[in-house]
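Here is a short briefing on a protein model. Look at the structure first, then work through the points by topic.

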Amino acid sequence: MDKLVIKGGRRLSGSITASGSKNTSLPIIAATLLTGDGAFTLHHIPDLKDIMTFTQLLHHLGAETTFKGNTLHVSSGNVESLQAPYELVKKMRASIYVLGPMLARFGHARVSLPGGCAFGPRPIDLHLMAMEKLGATITIQTGFIEARAKGGKLRGGHIDFPISSVGATGNALMAAVLAKGTTTISNAAAEPEIETLCKFLVAMGATIRGTGTTELEIDGSNSLKAIEFYNVFDRIEAGTLLAAAAITGGEITVNGVEPEQMKNVLKKFIHAGCSIETTKNSITLKSPDKLIATDVTAKPYPAFPTDMQAQWIALMTQADGTSHITDKVYHERFNHIPELNRLGAQIEIHKNQAIVHGPQRLSGTKVMSTDLRASASLVLAGLVAEGTTEVLRVYHLDRGYEKIETKLNSLGADIIREKYNEFE
Ligand code: UD1
């Protein structure tokens, strides 16, 4: 296994370009299953474990894929298998994204149940409810979701989500674009990842009204076509890099971003005392002499994202005062806290809120990654901890951050990747 060995205390400076968004890549790659007509060319796809897992899944279904230099070519003309097996689905919950497009195109899909997750239950009931509203019959048997469209074709319907779900909205959209008739989706997720998926589907020939809002209306098409598409930047990676600069007292510019999409994250950096300057496609952060304790509450977009909560907690360990970080999306997403406390942080958990008492001097030791964003928060803490921090099980980090140590080292960090044997 790999670990990152971080020598703390280096101030980050310089400029860096954001990678393509992982969480946008996954639904748009799934959407390539909607048509066998032609080949897709997808640019600015990050070279990540999760992307590899997803392309493996497409291969298994019969699609042809090639990935080189952040460009992915996909042809789904030869898709034959309608079954997404446990061995691939268990590696990544986002595999559930194949359900909607397969059901819409073939009228039938079998997808392994994804199972639990490191930070609490992550049900898929809303995905299934959405498919049923479009006329699918769903049965769960031997660990598989068996979905069949009545009469072989989905029909438009009204889907009203009781809570906002990015994944279920994405699946509903991909199913509705090939359903017969019109579908309305209320309380749809309005995350930029869904907005981009809508634009992708429209470019394929779909008709979608309300893109970027929580009320979507889709007129089903008879067929869609393959397209060439340039993926958007990763707003969570960009936020993580800004937090890395802020925690080290540094100054960096992140290029290739759309600051508007990160408005509520940038506001929090400003509240914490950082100076933020933006252009149309860049963000420059200058750290203050002293960070100020700043509360955040993670909620659906446009609020502060749950995917930045762990990194914010790491940052707040260095801020002056007590901060409250509440997660209203995932109430149990706090695996990073015991590990941060092992580095010397003083953080308590009360229900879905972390209370961070800062500033605390952190000192390096071995810490364990437990999930993607938790790992990012440990890397941030390692950047400021005295001595050496070893972040173990970095495969979690590799699922979602492209060349993270190369990027941070180019800004002045001192991180090396080493192999280790977990059982020694
Ligand atoms: C996506 C992101 C993930 C992010 C999350 C919230 C991807 C690949 N992952 O995950 O990084 O943290 O959005 O922004 O894009 N829920 C249900 N039933 C369902 C589905 C979800 O109750 O069927 C609940 C979840 O438990 C959670 C909330 O809805 O409390 C939001 O989850 P959701 O937006 O669906 O997250 P994902 O799409 O899985």
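In this predicted model, the second largest cavity holds about 40 Å³ of space. Its lining has seven nonpolar residues, one polar residue and no charged residues. The structure holds two cavities of 30 Å³ or more.

**Second largest cavity**
- The residues that line the second largest cavity are Thr240, Ala376, Val379, Leu380, Leu397, Tyr401, Ile404 and Leu408.
- Helix H12 (372-384) and helix H14 (404-410) each give at least two residues to this lining.
- H12 has the largest share, with three residues.

**Largest cavity**
- The largest cavity has a volume of about 70 Å³.
- Two elements give two or more residues to the lining of the largest cavity: helix H8 (235-247) and H9.
- Among the lining residues are Arg235, Ile236, Gln261, Met262, Tyr301 and Pro302.
- By class, this lining has eight nonpolar, two polar and one charged residue.

**Second largest pocket**
- The second largest pocket contains about 210 Å³ of space.
- Its lining has 13 residues, and Pro192, Glu195, Lys199, Glu258 and Gln261 lie nearest the centre.
- Helix H7 (192-203) and helix H9 (263-271) are the elements that give two or more residues to this lining.
- H7 gives the most, with four residues.
- This lining divides into five nonpolar, three polar and five charged residues.
- Domain 1 (2-18 + 233-419) and domain 2 (22-230) each provide at least three residues of the pocket lining.

**Ligand surroundings**
- Which residues come nearest to the ligand? Of the 19 residues around it, they are Asp125, Ser165, Val166, Asp307 and Val329.
- Leu126 has a backbone N or O atom 2.7 Å from an oxygen atom of the ligand.
- Gly167 places a backbone N or O atom 2.8 Å from an oxygen atom of the ligand.
- Arg333 uses its side chain: a polar atom there lies 3.4 Å from an oxygen atom of the ligand.

**Helix H6**
- Helix H6 (residues 166-176) is largely enclosed by the rest of the structure, because ten of its eleven residues are buried.
- The buried residues include Gly167, Ala168, Asn171, Leu173 and Met174.
- At the start of H6, a side-chain oxygen of Ser165 comes within 3.0 Å of the backbone nitrogen of Ala168.

**Backbone exceptions**
- Most peptide bonds are trans, and most residues other than glycine have a negative phi.
- The peptide bond from Tyr301 to Pro302 is cis, with omega near 15°. Pro302 sits in the loop between strand E19 (296-298) and helix H10 (309-316).
- From Gly358 to Pro359, the peptide bond is also cis, with omega near -5°. Pro359 belongs to the loop between strand E22 (353-358) and strand E23 (366-368).
- Asn70 is not a glycine, yet has a positive phi of about 70°. Asn70 is found in the loop between strand E4 (64-68) and strand E5 (71-75). Its relative accessibility is 26%, so Asn70 counts as partly exposed.
- Lys351 is not a glycine either, and its phi is positive at about 55°. Lys351 lies in the loop between strand E21 (346-350) and E22. Its relative accessibility is 79%, so Lys351 counts as exposed.

How values were computed:
Residues numbered from 1 in each chain as written. Predicted model: local features only at pLDDT ≥ 70, side-chain atom pairs only at ≥ 80, totals over all residues. Heavy atoms only, no water. 1 Å grid on protein atoms, 1.4 Å probe; cavity = no way out; pocket = protein on both sides within 12 Å on 5 of 7 lines; lining within 4 Å. Points joined across faces, edges and corners; volume = space filled by probe spheres on them. Nonpolar A, V, L, I, M, F, W, Y, C, P; charged D, E, K, R; others polar. Domains from an automatic or database assignment. Buried < 20%, exposed > 50% of the residue type's maximum accessible area, 1.4 Å probe, protein only. Polar contact = N/O pair within 3.5 Å; in protein donor to acceptor, adjacent residues only side chain to side chain. Near = heavy atom within 4 Å.
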